[in-house]
Structure formats: C-alpha cells, structure tokens
Amino acid sequence: MTAEAKPASPPLTERQEARRRRILHASARLAGQGGFEAVQMREVAEDAGVALGTLYRYFPSKIHLLVATMQDQLQHLHSTLHRRPPADRGPAQRVADTLMRAFRALQREPHLADAMVRALTFADRSVSPEVDTVSRITTAIILDAMGLEDPTPEQLSAVRVIEHTWHSALITWLSGRASIAQVKIDIEMVCRLIDVTWPEGAPQA
C-alpha cells in the first residue's frame, strides 16, 4: 500500500446505515426550508437525533453532507427511473426527457437544489470521493436512458458534455438567468450528441 492509499472503509451496519439516512433526511429537510445557510451541523444533528460528534464522524463538513445529500437524491431519482423509464423511442430524446424530469423534481424544491449545487461548487479535493459518486450516478442515469451497457469512448465523451451542460443549466436556472423553457431547449440540443455518436445501423430502442 502506498503512502497515499487508504484502506477501504468497512460497510456500515444496519444501525449505522439507518443513522446515516436520518442525517441525510434532516439535511434535505433543512435545506428545503431555507437553502444552504439553513443547514447548520448542530441543527442537523438535533433534527436527526444524533450527537454532534457522531454527525462529524459521518460527514466531516457541511459541504460533505450536502454533496452526500445530492448523491442520495440522485439515487432516489435513479430508482424511480428504473420503475418508470422514459417511453420515447430515440436515445437522445429519452435522455433529454430524463434530465428534464430531474429538473422538474428540483423545481419543486428550489432551496434544496440551490444548497446542493452550491456545495458541489464549493467542494475541494477533500470531497472528491463524494463528488465522483454524484458524477457516476448521473452517468448511470444517462446511460440507462440511452439503453447502453457498453458505451464507446465517443459516447462516454458525449455523456460528459451532457453532464456539464446539465450542471451549467441548473446553475443558470437557479440564479434566475434561464427559464425552464430555455433549459429544455439547451438540454435537447446537447442530447443530439448522442445521435452523432451512435454507431450507424445500431438499434436505438
């Protein structure tokens, strides 16, 4: 093991996982009520029914906590999409519809959305594992909508560009610089990259 390598953390026990979920739910509730500033670690601990020291053992900072909250929200979206996948036949339109479903969910909780996006923006290298997990889940959501298990390098590149556009569109919407209608146009436009990278003659449904 190199000096930089860290041993893998042991899996959480059922009790620890339940405690972690209470913390994430408390974080989401407080953020939903008042945004980024409303998420104070002491209040999260009280709301979740855990000691403040316990909270810090799970999440070393507010940024770690809010990025993990976004991870949890995306995992919930991913599960929902498995139960009710997009019905469009073409992969580009399926991805566009999937990302707009995510936008509509965030639109219902604008304070929560703003808190999670601000945390992603403020995240430094210490939060890289959590940020990477958010990116992996987003990639999985897009690939599932495309119907791909083994994407080409070109298709993965297109997915990264789509992710960047989705994140940027979310920021501009939250700042009031773009309407949902404009976001929809931008998402549908960037999703055309999927058609460009789709192998000729390959099935799309």
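Tyrosine 58 and phenylalanine 59 are both buried, where buried means under 20% relative accessible area, exposed means over 50%, and partly exposed is in between, with a 1.4 Å probe and protein chains only. A quick note before going on: this is a predicted model, in which local features need pLDDT of at least 70 and side-chain atom pairs count only at pLDDT 80 or more, while totals for chains, interfaces and linings use all residues. Residues are numbered from 1 along each chain as its sequence is written, and side-chain values use heavy atoms, with hydrogens and water left out.

Now for the rings. Those of Phe, Tyr and Trp (for Trp, the six-membered one) pair if their centres lie within 6.5 Å; planes under 30 degrees apart count as stacked, over 60 as edge-to-face, and the rest as tilted. By this rule there are four aromatic pairs. Tyrosine 58 and phenylalanine 59 make one of them, a tilted pair with 6.5 Å centre to centre and 35° between the planes.

## The overall fold

The protein chain has 10 helices and zero strands; both are DSSP runs numbered from the N terminus, with helices (H or I) needing at least four residues and strands (E) at least two. Read along the sequence, the pattern is α-α-α-α-α-α-α-α-α-α.

What does the size look like? The C-alpha trace spans about 55 × 45 × 30 Å along its principal axes. Contact means heavy atoms within 4.5 Å, and among contacts between residues at least 6 apart in sequence, 72% join residues at least 24 apart.

## The nonpolar core

In soluble globular proteins, nonpolar side chains tend to be buried together. A nonpolar core here is a set of buried Ala, Val, Leu, Ile, Met, Phe, Trp, Tyr and Cys residues joined through side-chain atoms within 4.5 Å. The largest one has 62 residues, and Ile23, Val95, Met146 and Trp166 have the most contacts inside it. Helix α4 gives the most to this core, with nine residues.

Setting aside residues up to four places away in sequence, methionine 146 touches Pro91, Arg94, Val95, Val159, Ile194 and Trp198. Leucine 77 sits in helix α4 and counts as buried at 14% relative accessibility. With the sequence neighbours up to four places away left out, leucine 77 touches Ala102 and Ile141.

## One face of α2

The buried residues of α2 (residues 41-48) are Met41, Val44, Ala45 and Ala48. They fall within an arc of 100° when seen down the axis of α2, so they line one face of the helix; the arc is that of the directions from the helix axis to the C-beta atoms. The general rule is that an α-helix has 3.6 residues a turn, so residues three or four places apart point the same way.

What do the buried residues of α2 pack against? Their partners are α1 (14-34), α3 (52-58) and α4 (62-83). On the other side of α2, Arg42 and Glu46 are exposed. After α2 comes glycine 49, with a positive phi near 75°.

Phenylalanine 103 and tryptophan 166 form an edge-to-face aromatic pair, 5.9 Å centre to centre with 70° between the planes. Phenylalanine 103 lies in α5 and tryptophan 166 in α8 (residues 153-174), so this pair ties together parts that are 63 residues apart in sequence. Phenylalanine 103 counts as buried at 0% relative accessibility, and tryptophan 166 does at 6%. Together with Trp173, these two form one aromatic cluster.

Glutamine 107 is also found in α5 (residues 91-107) and is partly exposed, with a relative accessible area of 38%. Leaving aside neighbours within four places in sequence, glutamine 107 is in contact with Trp173 and Ile180.

## A buried cysteine

Cysteine 191 is in the loop between α9 (180-190) and α10 (192-197). Is cysteine 191 buried or exposed? At 0% relative accessibility, cysteine 191 counts as buried. The C-alpha atoms of cysteine 191 and proline 91 are separated by 8.7 Å, although these residues are 100 apart along the chain. Beyond neighbours within four places in sequence, cysteine 191 is in contact with Ala92, Val95, Ala96 and Ile162.
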